[in-house]
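Hi everyone, thanks for coming. Let's take a few minutes to look at this one together.

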Amino acid sequence: MRFILCLLLMVSSLTYAAQGPSKLKIVQLSDIVYQHTSLSDGDAYGVMAANGLIVIVGKQAYLIDTPWTEADTNTLIQWVTVKGLTIGGVIVTHFHQDSSGGLAVLNKLKINTYATTLTNQLLKANNREPASNEITSETFDLVPGVIQAYYPGAGHTQDNLVVWLAKSNLLFGGCLVQSFNNRKLLNIEDASIKDWPKSLQNVMVKYPNIDMVIPGHGQIGDVSLLELTQQLARKAL
């Protein structure tokens, strides 16, 4: 955790905050990885911040999850454009809006968006825009050797993915992983609590060299976030 705390101090001066109606924030984590954080419009949980990633490979930017809203997704597209980059692809890690709220904007621009077959089915069942491409295997390399999506099993939702950035030893855990601030599991409406601990164990076995973990909500941590979430899931059984 000492490394994580030092990182947070280092990047505190590298934050981009949008002006006007968009509340998007972008923080640089490394030479090629940025975290984007957006706010919900407010629901049963109040206004909540959600995390996603931007990974730079050459002149292309790859997105891991969209912001909550179309407005924030447009702001993120503008940020990418100003940097002289194009969006090479987008992975959506599950069907909830904090992961997929900007799909319609991205699809309209003919940007390749990717989600599992199950995620697309759930999006359509909820009258939401599906991704333009479907992931049909347990692992999917958006950029070989750089960005890999993995389906470890059900947990927060039946369809939740994690994304591994091998060059950074960084895991985007998404909403499968809870933050240190949580004392219970958040939003278990679509959860499979009995499967959740095993799915997290599958992640730790597949990626044994995790240095940094980005949860779907809350602060950056390390592999202990997965262990904490396992404990919370077991308590909730």
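Let me start with a term: a contact means heavy atoms within 4.5 Å. A word on the source, too: this is a predicted model, where local features need pLDDT of at least 70 and side-chain atom pairs count only at pLDDT 80 or more, while totals for chains, interfaces and linings use all residues. Residues are numbered from 1 along each chain as its sequence is written, and side-chain values use heavy atoms, with hydrogens and water left out.

The protein has 7 helices and 13 strands; these are DSSP runs, helices being H or I with at least four residues and strands E with at least two, numbered from the N terminus.

Now find helix α6, residues 196-206. Which of its residues are buried? They are Trp196, Pro197, Ser199, Leu200, Val203 and Met204. They sit on the same side of α6 because they cover an arc of only 165° around the axis, taken from the directions from the axis to the C-beta atoms. Buried means under 20% relative accessible area and exposed over 50%, with partly exposed in between (1.4 Å probe, protein chains only). The face turned away carries the exposed Lys198 and Val205.

What does the buried side pack against? Its partners are β10 (147-150), β11 (162-165), β12 (170-174) and α7 (224-236).

Stepping back, 55% of the 237 residues count as buried. And among contacts between residues at least 6 apart in sequence, 59% join residues at least 24 apart.
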